[in-house]
Amino acid sequence: MAHLPGLAISGKLDGALEAARTLGAAVRGPYGEHSAAAGDVHQISNAVSTGKSERQLLTRLAATATLLLTDEQAARELLWRDRRSLVE
């Protein structure tokens, strides 16, 4: 699960989730397939696991999580600096 309010408020969520999909992730709402995001919480998992080793799957998922969380942190810092009234 990833809580991504900074990306949502800043309007950068769609691009970040598309980048995660490009890395092979499935992005869903917190209740799994066909659920919408609730409270900017998203479930991140591997989209395809057939033919991949456990190490490959974990490496890809870790890279995806790192990408999303780095983008989220940058979005929060930007919001705090430039649009503080939205996050206070």
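**Close-up views of a predicted model**

**View 1. The three-stranded sheet.** The strands form an open sheet of 3 strands in the order β1-β3-β2, paired in antiparallel fashion. β1 (2-3) and β2 stand at the edges with a single partner strand each, so one side of each lacks a neighbour in the sheet. Strands (E, at least two residues) and helices (H or I, at least four) are DSSP runs numbered from the N terminus, and two strands pair if DSSP finds at least two bridges between them. The antiparallel strands β2 and β3 are joined by 4 bridges; Val27 stands opposite Ile44 in β3, and Arg28 stands opposite Gln43 in β3. β1 and β3, also antiparallel, are joined by 2 bridges, and Ala2 stands opposite His42 in β3.

The model is predicted: local features need pLDDT of at least 70 and side-chain atom pairs count only at pLDDT 80 or more, whereas totals for chains, interfaces and linings use all residues. Residues are numbered from 1 along each chain as its sequence is written, and side-chain values use heavy atoms, with hydrogens and water left out.

**View 2. The buried face of helix α2.** Helix α2 (residues 13-22) has Leu13, Ala16, Leu17 and Ala20 as buried residues. Seen down the axis of α2, the buried residues fall within an arc of 95°, so they line one face of the helix; the arc is that of the directions from the helix axis to the C-beta atoms. Here buried means under 20% relative accessible area, exposed means over 50%, and partly exposed lies in between (1.4 Å probe, protein chains only). The buried residues pack against α1, β2 (25-28), β3 and α3, a contact being heavy atoms within 4.5 Å. Exposed Asp14 and Thr22 are carried on the face of α2 turned away from its buried side. Just after α2, Gly24 takes a positive phi of about 95°.

View 3. The whole structure contains 3 salt bridges, each defined as a side-chain nitrogen of Lys or Arg within 4 Å of a carboxyl oxygen of Asp or Glu. In helix α2, Arg21 and Glu18 lie 3 residues apart, about one turn of the helix, and their side chains meet in a salt bridge (3.9 Å, N to O). Arg21 is partly exposed at 38% relative accessible area, and Glu18 is partly exposed at 45%. Glu72 and Arg76 are 4 residues apart in helix α3 and therefore separated by about one helical turn; their side chains meet at 2.5 Å, N to O. Within this pair, Glu72 is buried, with a relative accessible area of 3%, whereas Arg76 is partly exposed at 39%. A salt bridge also links Asp82 and Arg81, with the closest N and O atoms 3.0 Å apart; Arg81 is exposed at 59% relative accessible area.

**View 4. A nonpolar surface patch.** Ile9, Trp80, Leu86 and Val87 make a nonpolar surface patch of about 340 Å². Ile9 belongs to helix α1 (residues 5-10) and is partly exposed, at 37% relative accessibility. Patch residues have over 30% relative accessible area and no salt bridge; nonpolar side chains (Val, Leu, Ile, Met, Phe, Trp, Tyr) are joined within 5 Å, like charges within 9 Å. Accessible areas come from the Shrake-Rupley method with a 1.4 Å probe, and for residues only the protein chains shown count as cover.

**View 5. The loop containing Gly51.** Gly51 is found in the loop between β3 (41-46) and α3 (54-82). Gly51 is exposed, at 76% relative accessibility. Gly51 and Gly15 are 36 residues apart in sequence, and their C-alpha atoms are 28 Å apart in space.
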